[in-house]
Amino acid sequence: MKKYNVAILGATGAVGGEFIRLIEERDFPFASLKLLASARSAGTVLKVKGVDYVVEEAKPESFDGIDIALFAGGSISKTLAPEAAKRGAVVIDNSSTFRMDPEVPLVIPEINPEDIKWNKGIIANPNCSTIIMLMALKPLHDLARIKRIVVSTYQAVSGAGKEGIDELTDQVKAYAEGEEMIAKILPSASLAKHYPIAFNLIPQIDVFLDNLYSKEEMKMVNETKKIFHDDEMRITATTVRVPVYRSHSESVNIEFEHDLELEDMRKAIDAFPGVQMMDDLENQIYPMPLYTSEKYDCFVGRLRRDFSNPNTFNLWVVGDQIRKGAALNALQIAEVMIENDWVK
């Protein structure tokens with residue numbers, strides 16, 4: 001099998017660490033591996049497949065000779081992704097920078113792999129909550145076109161990176177010891193005010209926009225339309241941060257163009273790659289973040305009719321934000337490119 005020169009930007013963060021674990025688990029065919037991060041993290045030593053790699057400071061010239069560049073996300077993508085692409089790398093980017101750029105494909109490999117082919121050096125990885133929702137909805141959309149989606153998310157602190165995970169741990173310890181819970185990260189590190197996430201829910205992810213929706217909510221709206229190639233689909237979202245380490249949960253209400261049978265919906269979901277039904281109410285079996293973390297698949301339960309509206313159903317979907325919601329989806333894009341010989 002042909003092997004490729006690979007770079008991971010953001011290697012010391014939560015998503016970067018997951019890239020490394022997945023490369024090992026999936027025996028990703030790399031000939032050479034370059035681990036990159038900010039100047040602050042340069043010099044860190046990370047082990048991959050038993051070999052020590054020294055993390056380097058990311059610079060434009062870091063991507064000379066690189067075939068595939070996996071970007072964990074962040075504002076640095078705006079500067080370095082075009083530089084890496086200019087040097088011949090295919091960039092698979094986890095930031096929001098290029099997702100709505102009409103010149104950049106936005107891809108979930110199980111849903112729209114054909115969009116990979118028209119990339120011009122940068123491929124965008126969708127928002128984590130969008131990926132998890134659409135993994136559940138695509139097999140149903142294939143049965144009957146979806147007209148409208150109403151989604152409420154319950155998003156783990158892993159979505160805020162390693163700092164969000166650490167902050168939840170520190171706050172739980174402080175609460176247990178009767179000390180003040182210090183908040184520095186959530187709802188967003190860039191904001192002037194922060195709230196504790198331990199024993200709390202925060203109905204804000206990212207900044208609010210002029211339409212009173214958060215940026216995270218509008219990502220779900222706009223990205224869904226782009227991935228499904230359906231600008232007429234009506235979507236509304238409410239995104240909430242919850243005190244869970246990993247795995248986002250979502251309550252989704254879906255209106256279809258025509259009626260469906262529950263059994264047909266269950267079969268379609270189970271037959272779709274990367275998603276499983278977990279829906280046995282008699283035995284209290286349904287997806288929960290504690291039991292879906294570290295898993296590749298997304299899990300669907302509580303599938304039922306919405307009796308308040310024709311052709312409408314409710315479901316509950318849970319998926320690991322760091323895996324399928326970020327690193328796994330990006331690595332799968334690279335695997336599809338390799339399988340089809342689409343890497344330059």
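**A walk through the predicted model**

Phenylalanine 256 touches Leu140, His141, Ala144, Arg145, Ile146, Lys147, Met265, Asn311 and Phe313, leaving aside residues up to four places away in sequence. Contact here means heavy atoms within 4.5 Å. This is a predicted model, in which local features need pLDDT of at least 70 and side-chain atom pairs count only at pLDDT 80 or more, while totals for chains, interfaces and linings use all residues. Residues are numbered from 1 along each chain as its sequence is written, and side-chain values use heavy atoms, with hydrogens and water left out.

Phe256 also belongs to the largest nonpolar core, which has 56 residues. Phe256 is among those with the most contacts inside it, together with Phe71, Leu137, Ile149, Val252 and Leu315. The largest share of this core, eight residues, comes from helix H3 (residues 128–143). A second, separate core of 36 residues includes Ala11, Ala327, Met337 and Ile338. A nonpolar core is a set of buried Ala, Val, Leu, Ile, Met, Phe, Trp, Tyr and Cys residues joined through side-chain atoms within 4.5 Å. Buried means under 20% relative accessible area, exposed over 50%, and partly exposed in between (1.4 Å probe, protein chains only).

Next, the sheet. Six strands form an open sheet in the order S10-S9-S11-S14-S13-S12, with mixed pairing. Strands are DSSP runs of E with at least two residues, helices are runs of H or I with at least four, and both are numbered from the N terminus. Two strands pair if DSSP finds at least two bridges between them. At the edges lie S10 (234–241) and S12 (275–277), each pairing on one side only. From one strand to the next, the twist averages 20 degrees. Strands S11 (residues 248–256) and S14 (residues 312–319) pair in the antiparallel sense over eight bridges. Isoleucine 254 stands opposite phenylalanine 313 in S14. Helix H5 (residues 215–228) packs on the sheet and touches S9 (146–155), S10 and S11.

Back to H3. The axes of H3 and helix H8 (residues 323–339) come within 8 Å and cross at roughly 90 degrees. Axes are lines fitted to C-alpha atoms, for helices over the stretch in contact, and angles run from 0 to 180 degrees between N-to-C directions. H3 is therefore roughly perpendicular to H8, a term for angles of 65 to 115 degrees. H3 contributes Cys128, Ile131 and Met135 to the contact, and H8 contributes Lys324, Gly325 and Asn329.

Finally, a hairpin. S3 (residues 45–48) and S4 (residues 51–54) pair in the antiparallel sense over four bridges. Lysine 47 has aspartate 52 as its bridge partner in S4. Two residues separate the strands, and lysine 49 in the turn has a positive phi of about 50 degrees.

Terms used: Parallel < 35°, antiparallel > 145°, perpendicular 65-115°, else oblique.
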